[in-house]
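Work through these exercises with the model open beside you. Try each task before you read its solution.

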Amino acid sequence: MSSETLDLARLQFAITAGAHFLFVALTLGLVTIVACLQTRATLTHSPIHWRMTRFWGQLYVINYAVGIVTGIVMEFQFGMNWSGLGHFAGNVFGAGLAMETLVAFFLESTFLGLWIFGWHRLNRWVHLALIWGITLTAYASAYWILVTNGFLQNPVGYRVEDGSLVLADLNALLTNHSAILPFFHILCGALVTGAFVMAGVSAFHLLRRTTEQEFFVRSLRIGVAVGLPALIFTASFGGMQFAPMGESQPAKLASYVGDQQELDRLEGELIGQFGPGEHLPPQEWVQTSATLMLASFGLMLMLSFGSALLMWFRPVVLRFRLWHVLLIAAIPMPFVAMLAGWVFREVGRQPWVVYGLLRVEEAVSPISSGAMRGSLIVFSVLFGLLVLVNYWLLARQAARGPDAVTLGSVPAETRRNPLPPATF
């Protein structure tokens with residue numbers, strides 16, 4: 001395996017996984033907020049909360065619809081570029097991918113289709129159950145992905161048979177600390193992402209002196225009220241990961257803190273165990289990604305604390321233009337923090353694909369550098385277009401406001417023949 005092929009394969013996976021993660025972060029955050037909004041609307045029959053459910057729900061649907069395409073490519077990439085990983089450990093980590101596919105493509109998409117087309121056709125309680133079904137299956141999908149990734153980070157519950165791994169302890173796989181703590185960390189981080197998007201879009205409309213003042217005042221306050229505690233919980237679950245990470249991946253922790261003495265000691269141990277070669281992660285990447293993640297968190301936390309005070313004063317919410325500009329400018333910050341955290345997690349386990357068991361160069365498919373370069377170009381262009389189209393659609397729909405929403409609009413036949421009060 002040439003070093004060029006290896007570098008191209010790693011770059012391709014980084015680009016595609018990173019692009020897909022952008023969609024996941026917003027999807028998980030927005031669907032939770034939309035489910036809570038619809039619960040409030042169902043319980044109180046509040047017209048404004050129904051409108052908020054439809055407006056923010058349409059943004060969620062756009063992001064989900066485009067993002068699902070990137071997820072399909074991620075599944076194929078394992079077989080195309082990383083066949084060595086499949087041959088060695090597919091019997092263990094493949095189970096998590098299979099469950100994620102069943103949950104995401106069958107349950108979640110089925111619930112979502114019923115929710116989209118069930119407006120004004122289903123009983124409101126059934127419709128509410130559907131959005132919570134979507135939310136829970138989205139969480140389940142994220143959990144199974146982290147079970148898979150957690151095994152690569154900290155392989156547990158396996159035994160070796162004929163040179164490959166087989167599952168020996170399902171409970172150990174499902175309760176892996178490299179899956180459980182990151183799962184809650186990701187969910188809280190996604191909620192931060194959804195909240196910042198909600199607050200930023202609302203600030204954009206208030207900055208333009210929208211006529212929908214009540215709608216976006218409430219939306220901004222909800223975004224701020226959700227974002228601050230979500231940030232605190234995100235940091236808490238992130239901090240909890242350092243102690244177990246130091247046990248399962250001591251080189252990552254030593255690289256992060258810059259403990260050169262510990263790195264030298266670990267390098268000596270790894271050379272004695274695995275022979276000569278590079279066994280430590282790239283320290284610059286680990287420290288830079290961690291610094292960027294923490295810096296983004298610090299900026300978001302300061303803005304959230306200030307916003308939590310300002311949101312109580314309605315004249316400030318309506319007219320404080322500098323605050324509006326800051327909230328709009330802060331929309332990308334959760335995405336930056338999430339991507340930086342992902343780089344820290346993944347680069348920190350290098351040069352291993354399955355930590356301590358399978359090196360990256362042993363996992364790459366035996367294909368030419370030309371073929372790898374061609375697929376890299378195709379996938380990069382495809383994912384770049386998908387990201388641009390997605391955020392263009394989101395920005396256009398968000399700028400149009402709640403009156404332009406088509407999700408949940410009353411169809412013509414319903415306007416002529418209104419449904420009974422038992423429905424919407």
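The model is predicted, so local features need pLDDT of at least 70 and side-chain atom pairs count only at pLDDT 80 or more, while totals for chains, interfaces and linings use all residues. Residues are numbered from 1 along each chain as its sequence is written, and side-chain values use heavy atoms, without hydrogens and water.

**Exercise 1. Helix 13**

Task: Find which residues of helix 13 are buried, and which elements they pack against.

Solution: 
- Step 1. Locate helix 13 at residues 321-329. Helices here are DSSP runs of H or I with at least four residues, numbered from the N terminus.
- Step 2. Pick out the buried residues of helix 13: W323, H324 and L327. Buried means under 20% relative accessible area, exposed over 50%, and partly exposed in between, with a 1.4 Å probe and protein chains only.
- Step 3. Recall the helix rule. An α-helix has 3.6 residues a turn, so residues three or four places apart point the same way.
- Step 4. Turn to the other side of helix 13, where L322 and A329 are exposed.
- Step 5. Trace the packing. The buried residues of helix 13 pack against helix 6 (177-207), helix 7 (213-240), helix 11 (283-310) and helix 12 (314-319). Contact means heavy atoms within 4.5 Å.

**Exercise 2. The largest cavity**

Task: Describe the lining of the largest cavity.

Solution: 
- Step 1. Count. The whole structure holds one cavity of 30 Å³ or more. On a 1 Å grid over the protein atoms alone, a cavity is a set of points where a 1.4 Å probe fits but cannot get out; a pocket is an open set with protein on both sides within 12 Å along at least five of seven lines; lining residues have an atom within 4 Å of a point.
- Step 2. Size it. The largest cavity has about 80 Å³ of space. A volume is the space filled by probe spheres set on the points, which are joined across faces, edges and corners.
- Step 3. List the lining. Among its residues are F196, G223, S304 and L327.
- Step 4. Assign elements. Helix 6, helix 7 and helix 11 each supply at least two residues. Helix 7 gives the most, with four.
- Step 5. Sort by class. The lining has six nonpolar, four polar and no charged residues. Ala, Val, Leu, Ile, Met, Phe, Trp, Tyr, Cys and Pro count as nonpolar, Asp, Glu, Lys and Arg as charged, and the others, Gly among them, as polar.

**Exercise 3. The second largest pocket**

Task: Say which element gives the most to the lining of the second largest pocket.

Solution: 
- Step 1. The second largest pocket has a volume of about 360 Å³.
- Step 2. Its lining has 17 residues, with V197, V201, I331, L394 and A395 nearest the centre.
- Step 3. Helix 1 (3-44), helix 6 and helix 16 (369-400) each give two or more residues. Helix 16 gives the most, with five.
- Step 4. By class, 16 are nonpolar, one is polar and none is charged.

**Exercise 4. Residue Q58**

Task: Is Q58 buried or exposed?

Solution: 
- Step 1. Find Q58 in helix 2 (residues 47-81).
- Step 2. Check its relative accessible area: 9%, so Q58 is buried.
- Step 3. Leaving aside neighbours within four places in sequence, Q58 is in contact with Q397, V405, T406 and L407.
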